[in-house]
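Here is a short tour of one protein model, written for someone who likes to know how each term is defined. Have the structure open as you read.

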Amino acid sequence: MWGFIFGGLAAGSVLGIIYLSSRFAKFRTVRKAAKGKKILRFLLGLILVLAVAFVTGAALGAINAAIVILHLMVIWLLCDGFSWIAEKKRGQKFRGYYAGILAIGITAVYLTCGWFLANHVWATHYNLETDKQVGGLRIVLFADSHVGNTFSGEGFGRWVEKMQAENPDIVVIAGDYVDDDTSKEDMAAACAALGTLKTTYGVYYAFGNHDKGYYGPAYRGYSGADLIAELEKNGVTVLQDETVLLGESFCLIGRQDRSEDQMGRHRATMEELTADLDPDRYSIVLDHQPHDYEAQAASGVDLVLSGHTHGGQLFPFHRMGEWLGLDDKSYGCERRGGTDFIVTSGISDWAIQFKTGCKSEYVVVDVQGAGQ
């Protein structure tokens, strides 16, 4: 899957560079500089495109440079198409290459908005009701912080302060807290920020697919066990196929990530995790990937909280995970049977610095019991 994505990204980038080079070559200043030589015009256009890619890559990384090139190509194609239609209707060509100017302007504005949506964090609120006599519970959920991408370990502290201001009864972390490229210093600083949270029932964490590191401890300087130690040192409870009681009325089930199954390691089934479930308690499942809805609904749990999808990240592919059957849901809240499911877009991103199909967020869930 990832080979297909990266292969498509690379191929699209090459095509984009070729197409955009021919488009930049149409600007009047480039034509004058080339003095009528077509090959020189294309080469000058290529230099301009590569300059855009280099500057973007230096500032945001190679993947984001490819994202910029692809967006510019698609928007430029659309502008060229509309310009061609307009010229046909008016019966003559435009004096200037307005389609190119418009394409550059639209792309700049569009991706600036996308950068803002990825690098700023909003609060999303959900109100859920249950027939169970359990009272009320305020949950703050976040996922996919991928510390070190859109904020550092110390920078993470400002979002912790915003979450604290919601006065949560419990804070839960639905995986991908760190990334394969998160430094040990950023990891420790982010864990220290979590240690400042004050809640009724505590802070709980379940692993995502990136947290243990795909490339081994030597790559980033710490292991999954080191991450656990740092979290626990700061008062965070790590749940790996484990259940904890929250007072008399609630329970929390933290699942191992689906990647454990994919790597041949054991992950408990929902049937195993809920074998001794008290039906009078309101049960909450923390599961990084939204990919087990049928079994979770059948198990009778009340609420499932997930991340992983980044809300679909980029329009118009923001539902690609659902279309390909990789995820049961890309974003938002829905009810299946007696179970509510919430997928958050996350407070950051893996590598990509733009969100055009959603925005970064943490989630506040207010659960209200019968008679409250």
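Gln313 counts as buried because its relative accessibility is 8%, where buried means under 20% relative accessible area, exposed over 50% and partly exposed in between (1.4 Å probe, protein chains only). Gln313 is found in the loop between strand 9 and helix 13; helices (H or I, at least four residues) and strands (E, at least two) are DSSP runs, numbered from the N terminus. Although Gln313 is not a glycine, it has a positive phi of about 65°.

The model is predicted, so to speak of local features pLDDT must be at least 70, and side-chain atom pairs count only at pLDDT 80 or more, while totals for chains, interfaces and linings use all residues. Residues are numbered from 1 along each chain as its sequence is written, and side-chain values use heavy atoms, with hydrogens and water left out.

Asp176 also deserves a look: it is not a glycine, yet its phi is positive, at about 50°. Asp176 sits in the loop between strand 3 and helix 7, and it counts as buried because its relative accessibility is 1%.

## A cis peptide bond

Which peptide bond is cis, with omega near 10°? That is the bond from Phe315 to Pro316. Pro316 lies in the loop between strand 9 (303–306) and helix 13 (320–323).

Six strands make up an open sheet with the order 1-12-2-3-4-5 and mixed pairing; two strands pair if DSSP finds at least two bridges between them. At the edges are strand 1 and strand 5 (236–238), each of which pairs on one side only. From one strand to the next the twist averages 25°.

Inside this order, strand 2 and strand 3 (residues 170–174) pair in the parallel sense, over four bridges. Ile139 stands opposite Ile170 in strand 3.

## Helix 6 and its neighbours

Helix 6 (residues 156–164) has these buried residues: Phe156, Gly157, Trp159, Val160 and Met163. Seen down the helix axis, they fall within an arc of 160°, so they line one face of helix 6; the arc is that of the directions from the helix axis to the C-beta atoms.

What do the buried residues of helix 6 pack against? Their partners are helix 5 (98–119), strand 1 (121–129), strand 2 (136–142), helix 7 (184–194) and strand 12 (360–368), with contact meaning heavy atoms within 4.5 Å.

## Helix 7 against helix 9

Two packed helices are described by the angle and the distance between their axes. The axes of helix 7 and helix 9 (residues 224–233) come within 8 Å and cross at roughly 30°. Axes are lines fitted to C-alpha atoms, for helices over the stretch in contact, and angles run from 0 to 180 degrees between N-to-C directions.

Helix 7 and helix 9 are therefore roughly parallel to each other (angles under 35 degrees count as roughly parallel, over 145 as roughly antiparallel, 65 to 115 as roughly perpendicular and the rest as oblique).

## A hairpin to finish

Strand 10 (residues 332–336) and strand 11 (residues 339–343) pair in the antiparallel sense over five bridges. They form a hairpin with two residues between them, and Gly337 in the turn has a positive phi of about 65°. Glu334 stands opposite Phe341 in strand 11.
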